[in-house]
Amino acid sequence: MPMPVSSPAAVNTVRACDSTATADDWTAFFSENRPLALLKETKHKIEVQADVHSTAFLRWLFRATNKASQIRLRVTYSEGYELEPRSYPFFRSKADRLDAAAGHIVGPYDDVTFDLPEAQGVHYEPFWFRTFRLLQVEITVGSEPVSLLAFEATQVNYPLAVKANWCEPSDAHSERIWEVSIRTMRNCMFDGYSDCPFYEQLQ
């Protein structure tokens, strides 16, 4: 069985920002891994969009700035902005999945609290990959300021050798449809084949 292939997943478009740091600061953090200072006893809520729907392993790096502190990190994963669900998690209502004004982020989440020892970086990485187009990131800082140093999203899939292409001159969307189809297949391929990784992770 061949080894999986991996590549960076671009997650750097800030769609909403409720934070003492500016949206530009958060954009620089996600797009350039520029460290971000988070003041003590503050709460931050960010919505960030990936370039495409991704199945990626995520990794966060925090460090206490001066003295030991604590972080609560909650990350909600969604395919897109959704309308109010008829019945969560299975009967969902969706329209334009990138319309932040009409929808909100609904989905599975990680919710962890961990201590940050003085002068020591602490990584958080979920055991399994996460499926998303949008992330809602909520951070609550403890009694001392902390630095958010890095974020990584690594797409990992079974290798897919694409041996064809499709471009219909009379259809301006044919190449985009082909790209989405290949990406959908790739996102479903791991050590086994998953019909829909987002909904299977809801079970």
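User: Which residues touch the most other members of the largest nonpolar core?

Analyst: This is a predicted model, in which local features need pLDDT of at least 70 and side-chain atom pairs count only at pLDDT 80 or more, while totals for chains, interfaces and linings use all residues. Residues are numbered from 1 along each chain as its sequence is written, and side-chain values use heavy atoms, with hydrogens and water left out. A nonpolar core is a set of buried Ala, Val, Leu, Ile, Met, Phe, Trp, Tyr and Cys residues joined through side-chain atoms within 4.5 Å; buried means under 20% relative accessible area, exposed over 50%, and partly exposed in between (1.4 Å probe, protein chains only). The largest such core holds 35 residues, and those touching the most other members are Trp-26, Trp-60, Leu-73, Leu-135 and Ile-139.

User: Which strand gives the largest share of this core?

Analyst: Helices (H or I, at least four residues) and strands (E, at least two) are DSSP runs, numbered from the N terminus. The largest share of the core amounts to eight residues, and its source is the strand spanning residues 43-64, β4.

User: Which residues is Ile-139 in contact with, leaving aside its neighbours within four places in sequence?

Analyst: Contact means heavy atoms within 4.5 Å. Ile-139 is one of the core residues that touch the most other members. With sequence neighbours within four places left aside, its contacts are Trp-26, Leu-38, Thr-42, Lys-43, His-44, Phe-62, Ile-71, Arg-72, Leu-73 and Leu-148.

User: Which residues of α1 are buried?

Analyst: The cover over the buried residues of α1 includes β2 (11-18), β3, β4, β10 and β11 (146-157). The residues that are buried in this helix are Trp-26, Ala-28, Phe-29 and Phe-30.

User: Is Glu-41 buried or exposed?

Analyst: Glu-41 is located in the loop between β3 and β4. Although it is not a glycine, Glu-41 has a positive phi of about 55°. The relative accessible area of Glu-41 is 61%, and the residue is therefore exposed.

User: Which side chains of strand β8 point to one face and are buried?

Analyst: The side chains of β8 (residues 109-116) alternate along the strand.

User: How many bridges join β5 to β8?

Analyst: Two strands pair if DSSP finds at least two bridges between them. In this pair, Val-75 stands opposite Asp-110 of β8. The strands β5 (residues 69-78) and β8 run antiparallel, and the number of bridges joining them is eight.

User: What distance separates the C-alpha atoms of Val-112 and Arg-176?

Analyst: Val-112 belongs to strand β8. Apart from neighbours within four places in sequence, Val-112 is in contact with Ile-71, Arg-72, Leu-73 and Tyr-124. Arg-176 is 64 residues away along the chain, and the C-alpha separation is 38 Å.

User: Which element gives the most residues to the lining of the largest pocket?

Analyst: On a 1 Å grid over the protein atoms alone, a pocket is an open set of points where a 1.4 Å probe fits, with protein on both sides within 12 Å along at least five of seven lines, and lining residues have an atom within 4 Å of a point. The lining has 15 residues, with His-53, Glu-79, Arg-97, Val-180 and Thr-184 nearest the centre. At least two lining residues come from each of β10 (130-141), α2 (174-187) and α3 (197-200). With four residues, the element giving the most is α2.

User: What is the volume of the second largest pocket?

Analyst: The lining of this pocket includes Met-1, Pro-4, Trp-128, Tyr-158 and Asp-191. The C-alpha atoms of Pro-4 and Asp-191, 187 residues apart along the chain, are separated by 8.2 Å. A volume is the space filled by probe spheres set on the grid points, which are joined across faces, edges and corners. For the second largest pocket, the volume is about 190 Å³.
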